[in-house]
Amino acid sequence: MNEDEQQQTVDVASLWQRYAEDHSVELRNALAEYYLPLVKIIAGRLAISLPPHVDRDDLLSSGFFGLLDAIDRYDLQRKNKFETYAGVRVRGAMLDYLRAKDWVPVSTRQKIRKYEQAVFALENELGRSATDDELAAQLELSPDELQELEKQVSVATLIPLDDYLRADTPVIADDEGPSARLEKLEEQENLARAIEQLPPKEKKVVTLYYYEEMTLKEISLIMHLSEARISQLHTKAVFRMRAFMSRT
């Protein structure tokens with residue numbers, strides 16, 4: 001760590017100490033300004049997967065309020081890293097904004113439901129992951145039509161799992177009761193099992209996207225596949241995991 005970085009660390013530590021003693025608006029705003037890049041990073045990562053009509057500024061604004069909430073709720077005595085705790089709060093605020101906006105068209109919701117039902121029925125019957133050909137036959141589509149359908153529903157699958165498919169999600173448990181913490185742990189255990197049963201490529205995409213926090217573009221470079229193909233693999237993985245979770 002160089003001298004500038006050391007000074008910056010000292011400054012933010014001093015801000016936290018002063019804010020713990022005097023919860024003034026000025027000190028809270030100073031902390032918010034320091035951590036604002038975190039909001040921009042999370043917003044940028046979500047925005048990559050959203051349609052153009054979703055307002056990036058509104059997403060940033062909702063994330064900023066999530067950051068303020070995190071600053072207010074953070075307990076300095078717990079010694080856990082603020083960035084991790086705040087990241088969960090900021091992301092949650094952005095997801096709440098997206099849900100409230102109801103940005104997924106009704107026609108897309110209908111396609112999502114039909115696709116989800118097909119995956120559930122087929123994989124429940126087979127007891128394994130369905131192939132593209134099997135899924136296309138179940139939906140009475142050609143392989144090309146199946147790919148087109150998956151493109152249409154993919155934009156809506158990058159949001160729901162963000163609620164709990166995160167390595168740092170347990171941080172939320174700091175201010176939740178024992179039953180809520182236990183429920184989250186059970187959810188994560190079920191998700192871990194769901195991930196394990198995915199085909200290798202889908203499992204890798206999920207791991208890189210949710211746990212390594214890479215963008216779809218970064219994953220496409222690592223796996224030497226097109227970004228569209230990575231998105232398709234992600235979509236398949238999400239619906240397979242939903243089907244698995246509904247059976248457990």
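Residues are numbered from 1 along each chain as its sequence is written. In this predicted model, local features need pLDDT of at least 70, side-chain atom pairs count only at pLDDT 80 or more, totals for chains, interfaces and linings use all residues, and side-chain values use heavy atoms, with hydrogens and water left out.

**Exercise 1.** State how many helices and strands the protein has, and what share of its residues is buried.

*Solution.* Helices (DSSP runs of H or I, at least four residues) and strands (E, at least two) are numbered from the N terminus. The protein has eleven helices and zero strands. Buried residues (under 20% relative accessible area, 1.4 Å probe, protein chains only) account for 42% of the 248 residues.

**Exercise 2.** Describe the geometry of α5 against α6.

*Solution.* Helix α5 spans residues 106–126 and helix α6 residues 132–139. Their axes, lines fitted to C-alpha atoms over the stretch in contact, come within 10 Å and cross at roughly 120 degrees, on a scale from 0 to 180 degrees between N-to-C directions.

**Exercise 3.** Identify the residues in contact between α5 and α6 and classify them.

*Solution.* Contact means heavy atoms within 4.5 Å. From α5, Lys114, Tyr115, Ala118, Val119, Ala121, Leu122 and Leu126 take part; they meet Glu134, Leu135, Gln138 and Leu139 of α6. By class, this contact has eight nonpolar, one polar and two charged residues. Here Ala, Val, Leu, Ile, Met, Phe, Trp, Tyr, Cys and Pro count as nonpolar, Asp, Glu, Lys and Arg as charged, and the others, Gly among them, as polar.

Technical notes: Buried < 20%, exposed > 50% of the residue type's maximum accessible area, 1.4 Å probe, protein only.
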